[in-house]
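Reader: Please take a close look at one part of this model, helix by helix and strand by strand. Start with a helix, then move on to the packing and the sheet.

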Amino acid sequence: LPYVQTTPMNANVSTPPTPAGLDAIHSSCRKLYADQPNPLQVTALVKYWLGGPDPLDYISMYANPGDASQGIPPHWHYISFGLSDLHGDGRVHEVTGPEGPSGFGFELTFRLKREESDTSPPTWPAELMQGLARYVFQTGNILCPGDHVSWHVPLDNGESRLQHMLMSMDPQMAPVVSECGRTQFVQIIGVCLEELKAAQQWNGPGILELLMKYTVSGGPWLVTDMRRGESIFELDPSFQQAVEDGLQRDGSDLTGVSGCCSWEDMDGVIGVGNPTVDPQFTLLSQVTPSGLPAIPEASIRRGSRVTQDLLDSASESMDLPTPDTSFETTAELIRTRTLEFVHLKFTVEAGALLPLVFKGRLQHGRHFTFKSPADDLAITFVCEGISGAFADKAHPYGAHGPWLQVLISEEFLPTITDDMKDLNNPEELKLPREYSWNDQKLKITIIPEE
């Protein structure tokens, strides 16, 4: 790691009184690890407020003995310093006081199963945590328990099946409050593709509960074992039915994603998105009900040339966002208008979520938004009864600048769900794949990623 150095905390250093935010986290760590007053730390060589690229000042690394009686193995426990307000003087975060969140209101943690040959903690989790922190600082999107992150490469840059992440509350680090505000500790859990997809389809907390049932998949403290070779659905095939039952009962918690898409009406007015953007170089972000955030051009820096895709869950709301006034369009385009016949295009990665949109969202009276990562274009699917929608049954396609709303009626929903069920197995599709419903004046095309 060229941008970090490993040092013991507070070793042979004379320092002034510790700032309140930093002291609150140190005190929590000292309480949990009284036998390790000076843990090894990964430290940013150039601090973020001095122009360095890495937002986290430190990542402390502790040896946790686990608890054999609960099936919790010995592991390394990583704790970040920097997403919360450590200093309280405005050098990084806005000062909020004790009543509000400290900085972004959270720090990251990670638990990595300790191998018998380990004499010191691996440092690759620190790079992983810095990458996630850069995303948070670049976008302002916080990571919450239940969120999921698609990473698309082994977390340790090796050959592991664990290439994605879920977020949970750390089981031992309780939230802390200081004069800088409140900080909670959000733990990273490594998961495989099948588990990520299940979290996307249903919800993160439900998958976390299943992961906790087996020691090898995490156990009660959700310890990540990078050598794990089986998904929870291979460990226990009944879990697949549990996910399907949960989706049928609860619907999906996923409100939207940033994905490669575009739209046009059949009169030739074209949405400004580019569906052929290479997804390897695109950040994916949550699209929250409070607005359509811009996706940063800067990518998370890694040792390889693969940019991570962040696909985060968002909280549910029956109210749609007011169109973002930052859309760079003319006053005439900002006027809401109705369209007669629309053509939607999605790359296969984004299009593979359409069955979830219909079954997990619209069927449960909820909306779903695709936000183009390259520009301000957005496509929101809505159903009847969604407040705030400008598309309705009489005019199912409405555009407000580059934002299109598509209303799928109750009568049409079973048909489109059945017609597009082959997207449940996108690897078997012959692309481009076109779906057309002339009676609905709707056409959807799924195109290759490149």
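Author: Start with helix H2, residues 124–139. Its 16 residues should span 22 Å at 1.5 Å a residue, and its end C-alpha atoms are 23 Å apart, which agrees. The expected span is 1.5 Å times one less than the number of residues. Helices here are DSSP runs of H or I with at least four residues, strands are E runs of at least two, and both are numbered from the N terminus.

This is a predicted model, in which local features need pLDDT of at least 70 and side-chain atom pairs count only at pLDDT 80 or more, while totals for chains, interfaces and linings use all residues. Residues are numbered from 1 along each chain as its sequence is written, and side-chain values use heavy atoms, leaving out hydrogens and water.

Of the 16 residues of H2, 15 are buried, so the helix is largely enclosed by the rest of the structure. Buried means under 20% relative accessible area, exposed over 50%, and partly exposed in between (1.4 Å probe, protein chains only). Gly140 follows H2, with a positive phi near 80°.

Next, helix H3, residues 193–201, which holds Ala199. Ala199 counts as buried because its relative accessibility is 2%. Setting aside residues up to four places away in sequence, Ala199 touches His148, Leu166, Gly204 and Ile207. Contact means heavy atoms within 4.5 Å. Leu254 is 55 residues from Ala199 in sequence, yet 8.9 Å away in space, C-alpha to C-alpha.

Now the packing. The largest nonpolar core has 43 residues. Such a core is a set of buried Ala, Val, Leu, Ile, Met, Phe, Trp, Tyr and Cys residues joined through side-chain atoms within 4.5 Å. Leu344, Phe346, Leu354, Phe370 and Phe381 have the most contacts inside it. Helix H9 (residues 354–361) gives the most to this core, with four residues. Another core, of 32 residues, lies apart from it; Leu132, Leu162, Val186 and Ile188 are among them.

Last, the sheet. Six strands form an open sheet, ordered S10-S14-S15-S17-S16-S12, with mixed pairing. Two strands pair if DSSP finds at least two bridges between them. S10 (256–258) and S12 (337–338) stand at the edges with a single partner strand each, so one side of each is left without a neighbour in the sheet. S12 pairs with S16 (residues 397–400) in the antiparallel sense, over two bridges. Here Thr338 stands opposite Gly398 in S16. H9 packs on the sheet, touching S14 (368–371) and S15 (378–382). The direction of H9 makes about 155° with that of S14. Axes are lines fitted to C-alpha atoms, for helices over the stretch in contact, and angles run from 0 to 180 degrees between N-to-C directions.
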